[in-house]
Amino acid sequence: MTSFVKSVLAACAWLVAHARPIQLGSIRNSVPIDFMSLRNAIDLTATITTPENIQFEYRIAGPFRRIPAFLVDLIVRIATFLGVFFLVACSGIVQLFPFLSQFATIGVVVLLTYFMIDWFYGVFFETYWNGRTIGKWISKIQVISVDGRPISSYQATIRNFLRLADLAPMMSLEALLANDAPPLFVVPTGLVATVCMSITSRFQRLGDLAAGTMVVVDERAWVPPKVKLEDPRVSSLADLIPANFMMSRPMVRAVALYAERRMRMPVARRMELSAILAAPLMAQLGIRSDTSPDLFLCALYYREFVARPISIVESDAIDVGIPISQKTPVKYATESNLDPQPTTSSASPAIETSPQLPSGETP
Amino acid sequence: MQLDTTSVVIAQRSIDEILDLSLVVARTYLPKIVLFAILGIAPFFAINLVLLYPITDYDRLSMASTYHATNGGYQARYLWTQVCLVYLQAPLAMCGVTYFLGQAVFIEQPTIRQVFGVLVSRATALTWVLGLLRGGLLAIAFACIIFVSPYSNTDVEQTVYLTLCVILVFMVRGFRPFAPEILLLERCPLFTSKKANANELSYGRRTSWLHAGSGDLFSVQIVITIISVAFVLLACLGILYVCGVVFGIRNWGFWMDLIFFPLVLWLMATWSAIIRFLLYLNTRIRTEGWEVELKLKAEQQRMLANARLMEGTSS
């Protein structure tokens, strides 16, 4: 005991003595991340590169997105089981097996049904419904292979058969209820799956690791945001901006982001935010300082995304990529495809468009 | 500090995405979060252990009881008191983790000394808001009362008062959860004088503004509480299982009461601090357009830097 206390004290003394040189940066991350690359910034996405060198980005479904799906599937399984039980009990199926008692017949059918539903529900649905079960369909998630391909029946079988291991360790009723409860290990804790999902980069449980699968969010991807430029003075202010003024690409992104988000902010916050960039820009470009900074950033947006493409391409619209959610290519806004919507105070129709970077990049 | 280069992608997220992301953040910064969590938790863990130790003698307590309470009743009382204390003390203990996460978002690597310096500089505000108004230090005072008179006949009343205190703090934290972030990361002063800069926000005004447009925070807090309770139960069951396999001890015993149960509670407190920080980012993005502010400020900085460069070149 004394030696233990001594060693603890020695450890404390060492810590105090070495407190100064400890730099957090010297401790290595468990997951190496190149912070300077935005692509590697922490997010819930996984990038898959196909053999044809095409990259897909998936949103990974973590444990908290998967729990509702699991619970729905559990309810569906229990409901199916109860339905079959009552069907068997009420039908005359017991008469088909005269050599078994009525109780034994129902018992056999129930056990078989339970086995089939519990073990093959997931296998069946995930194989024939493109990696979805009813719960996953409701939660808008699906299982795919780690290389992006649809899940095969073999993979579906492996990952569903290992579900039992993921639910481990099973606790006995003894620990939960009372010391005199029967020592039946029937209470799943799911700790194996939780720990496994927490430490893998794609939130894979044991079954997923064994089958080479992952669960991703099955949602329609990026919908171009609508940008409303409701003030008719925007276009005239845009004309005042010198023609030789070129915005850098990060600045274009910043202005586009502001234009997209400004409608959801109160006016005071809009003014506060827009002044951050507009004030030095207006001073640089010789625009009157009493000009509204919000209006000025809108004018920059208008000049970059509305006026410029028209002036460049005149009447022909340019394809700049096909968002997944749309069947037709997104085109640059032109007079004809601008979607004017009436606004409460506008003398001229509000300009509503979708920002597309000139280079075809996703903002 | 490059404002538009962040280690966590700044985007608006739903609650399930925030919970999932908290696991990724915890995994990415595990060593540092554990370090700051241990530094914050250790004093509270030791104080609670010492102060609550007298009420773990269940046999003696039940024998001294005047209303025939059982051992199980006293054990439940101890466990509930431990839960209440940890709940009240958690924001105070997690200040280091909160500050570290705030810096880590902007790819800063604060040292222990820097974090400690910030905590000392904000000690008054933290003590007032988290220690007194939100009960972090009051919980210790309450534990002192238990320590002084463990065989008091007012144990039921004590537990009721503590529970009421926790409910009150739960309501306050449910509607206004981001006090540690406002105090540590935004460094808002507790009070502002009339002579102060008009743009400088006091803690009270900032709290009102930030939480005004985020009405669903309370329901989010309830969801997080339910999940935390489930995880505490699962973790305790898992520890019991491991103890059963390794040592053959399958029952909830002394070690579970004194060491593992409080450890699991503090683990949940650490995780809750990460979730709260991500919720704070989400709230700022939603209500204030924070990601827009970062981008615009980064552009402003670039412009000013370019202008200085041009001036230097021309001169």
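Biologist: How many helices and strands are there in chain A, and what makes a stretch count as one or the other?

Modeller: Chain A has 13 helices and eight strands, where helices are DSSP runs of H or I with at least four residues and strands are runs of E with at least two, both numbered from the N terminus. This is a predicted model, in which local features need pLDDT of at least 70 and side-chain atom pairs count only at pLDDT 80 or more, while totals for chains, interfaces and linings use all residues. Residues are numbered from 1 along each chain as its sequence is written, and chains are lettered from A and ligands numbered from 1 in the order in which they are written.

Biologist: What does the secondary structure of chain B come to?

Modeller: Chain B comes to 14 helices and zero strands, and its C-alpha trace spans about 90 × 50 × 35 Å along its principal axes.

Biologist: Why is Leu30(B) called partly exposed?

Modeller: A residue is buried if 20 or more other C-beta atoms, placed from the backbone, lie within 10 Å of its own, exposed if 12 or fewer do, and partly exposed in between. Leu30(B) has 15 other C-beta atoms within 10 Å, and is therefore partly exposed. Leu30(B) lies in helix α2 of chain B, residues 30-52.

Biologist: What percentage of the residues in each chain is buried?

Modeller: Buried residues make up 26% of the 363 residues in chain A, and 40% of the 315 residues in chain B.

Biologist: What makes a set of residues a nonpolar core, and which residues have the most contacts inside the largest one?

Modeller: A nonpolar core is a set of buried Ala, Val, Leu, Ile, Met, Phe, Trp, Tyr and Cys residues joined through C-beta atoms within 7 Å. The largest has 99 residues, and those with the most contacts inside it are Leu183(B), Ala269(B) and Leu278(B). Helix α13 of chain B, residues 254-288, gives the largest share of this core, 15 residues. A second, separate core has 29 residues, including Val252(A), Val255(A), Leu281(A) and Phe305(A). In soluble globular proteins, nonpolar side chains tend to be buried together.

Biologist: How do you know which residues Leu183(B) is in contact with?

Modeller: Two residues are in contact if their C-beta atoms, placed from the backbone, lie within 7 Å. Leaving aside neighbours within four places in sequence, Leu183(B) is in contact with Arg122(B), Ala125(B), Leu126(B), Val129(B), Cys188(B) and Tyr203(B).

Biologist: Why is α5(B) called oblique to α13(B)?

Modeller: Helix α5 of chain B, residues 95-104, packs against α13(B) at an angle of about 40°, with their axes 10 Å apart. Axes are lines fitted to C-alpha atoms, for helices over the stretch in contact, and angles run from 0 to 180 degrees between N-to-C directions. Angles under 35 degrees count as roughly parallel, over 145 as roughly antiparallel, 65 to 115 as roughly perpendicular and the rest as oblique, so α5(B) is oblique to α13(B).

Biologist: Which residues meet where α5(B) and α13(B) pack?

Modeller: Val97(B), Thr98(B) and Leu101(B) of α5(B) meet Thr270(B), Ala273(B), Ile274(B) and Phe277(B) of α13(B). The residues of this contact divide into five nonpolar, two polar and no charged, where Ala, Val, Leu, Ile, Met, Phe, Trp, Tyr, Cys and Pro count as nonpolar, Asp, Glu, Lys and Arg as charged, and the others, Gly among them, as polar.

Biologist: How many residues does each chain bring to the contact of chain A with chain B?

Modeller: Chain A brings 44 residues and chain B brings 42. On the side of chain A that touches chain B, the largest share, seven residues, comes from α11(A), and the residues of that side divide into 29 nonpolar, nine polar and six charged.
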